[in-house]
Amino acid sequence: MTHIRIDAAIGPALKNFSLPENLGFGSVMSPIMASCTYENGKWGELELIPYGPISMFPNAKVLHYAQEIFEGMKAYRVGGLGPFIFRPDENHLRFNRSAERMAMPHIPIELFMKACFEVTAYSSDFVPRRSGESLYLRPFMFATEEALGIKPSEKFRFMVIASPSGSYFSAGGLSVLIERHGARAFPGGTGYAKAGGNYAASLLAAIKTKQLGLVQTLWLDGRDKKYIEEMSGMNFFAVVNGELHTPEINDTILEGITRKSIITLARDAGLKVVERKMDIDDFISDIKKGVCTEAFACGTAAIIAPIDYLAEETGERYPLLHQEGKIALQLRESLLSIQEGRAEDKYMWVSMVEPKSL
Ligand SMILES: Cc1ncc(COP(=O)(O)O)c(C=O)c1O
């Protein structure tokens with residue numbers, strides 16, 4: 001069993017915290033966090049400490065070369081059940097895949113789980129309880145070695161912070177810019193890793209998307225700008241000819257755990273799922289012909305968000321919500337009811353956390 005040192009200041013930090021009425025996403029933080037450092041080829045003691053600023057030297061490698069990775073997962077406590085964490089083993093596997101790509105050490109599963117479970121256990125009173133709300137968990141690791149040489153760091157810090165969050169779901173549907181110019185990822189690059197730099201690279205397009213009055217960016221493959229890949233923080237699905245289609249996974253797409261879960265749920269519900277290369281222009285013609293009846297984005301934060309329309313920079317729009325996102329909403333309900341503990345967990349996706357207090 002991985003040991004965790006509980007800092008004495010945790011008690012007062014928990015006592016002095018109260019959950020605000022308006023949560024939003026990712027701005028209210030739980031008053032505690034987990035931390036562990038890596039040096040001389042091994043992980044040190046895991047600690048639970050009050051949430052607060054961290055110090056590092058200005059020449060820490062992460063600040064210059066972006067050697068940083070993260071994960072995003074949720075703990076649910078709807079109606080007082082749980083807390084339940086959804087598929088944390090998958091997040092652990094992906095964390096280590098990202099670590100390998102970014103020349104960072106693996107995190108042992110016991111350390112990853114202990115950090116996530118202890119933060120959740122002591123934050124149990126702050127997991128919001130209305131449907132769609134959750135405690136968003138953010139494990140991350142960054143390079144702390146103090147040296148400016150462009151070499152992999154030999155020192156790292158792993159942390160888990162948590163944010164009581166409201167529902168991310170927008171009932172009206174998403175408006176999505178087809179990004180025909182910029183690129184998020186290239187073959188052989190880091191697109192499949194959850195590395196901070198990938199998100200920095202998506203932000204300029206986010207500004208353009210917002211200036212055009214749209215909310216999400218849809219990335220095409222970096223080389224030919226021909227095939228649909230994903231959004232900046234969500235995977236992409238469409239209903240084509242009554243089947244569920246999604247871009248096949250390659251090294252430029254982040255393999256979402258929501259995506260993987262939706263594929264399982266859809267197949268079990270008798271829906272044919274096709275993972276394939278999705279040519280953007282063929283797809284637009286499928287929308288125009290009415291062959292494509294829905295599209296949606298999916299990820300831990302939003303779960304499933306139906307797409308209202310795709311748009312070009314020129315202003316041309318391809319509307320999608322003919323059927324009010326019927327399949328998207330059905331899949332959302334099947335998934336959310338498992339995550340929130342309202343439906344039978346027949347795939348063993350949900351881990352129960354025992355609440356703790358001081
Ligand atoms: C680039 C990107 N694609 C897809 C996803 C969806 O992944 P998941 O369903 O595991 O949250 C995310 C979010 O984590 C992401 O950042």
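How far from a nitrogen atom of the ligand does a polar side-chain atom of E230 lie? The first view has that one; a word on the model comes before it.

This is a predicted model, where local features need pLDDT of at least 70, side-chain atom pairs count only at pLDDT 80 or more, and totals for chains, interfaces and linings use all residues. Residues are numbered from 1 along each chain as its sequence is written, and side-chain values use heavy atoms, with hydrogens and water left out.

View 1. For E230, the distance from a polar side-chain atom to a ligand nitrogen atom is 2.5 Å. K194 puts a polar side-chain atom 2.7 Å from an oxygen atom of the ligand, and an N or O atom in the T300 side chain sits 2.6 Å from a ligand oxygen atom. (A polar contact here is a pair of N or O atoms within 3.5 Å.) On its own the ligand exposes 390 Å², and the protein buries 96% of that; areas come from the Shrake-Rupley method with a 1.4 Å probe. There are 17 residues around the ligand (a heavy atom within 4 Å), and K194, Y199, E230, T258 and T300 come nearest.

**View 2. Helix α7 against helix α9.** Helices α7 (residues 257–268) and α9 (residues 326–339) pack at about 110 degrees with their axes 10 Å apart. They are therefore roughly perpendicular to each other, a label for angles of 65 to 115 degrees. T258, S261, I262, L265 and A266 of α7 meet L331, S334, L335 and I338 of α9, contact meaning heavy atoms within 4.5 Å. By type, these contact residues come out as 6 nonpolar, 3 polar and no charged.

View 3. Most residues other than glycine have a negative phi, and most peptide bonds are trans. G82 and P83, though, are joined by a cis peptide bond with omega about 5 degrees; P83 lies in the loop between β6 (73–76) and β7 (84–86). R87, in the loop between β7 and α3 (88–101), has a positive phi, near 50 degrees. Helices (H or I, at least four residues) and strands (E, at least two) are DSSP runs, numbered from the N terminus.

Note on methods
Axes fitted to C-alpha atoms, helices over the stretch in contact; angles between N-to-C directions. Parallel < 35°, antiparallel > 145°, perpendicular 65-115°, else oblique. Nonpolar A, V, L, I, M, F, W, Y, C, P; charged D, E, K, R; others polar. Polar contact = N/O pair within 3.5 Å; in protein donor to acceptor, adjacent residues only side chain to side chain.
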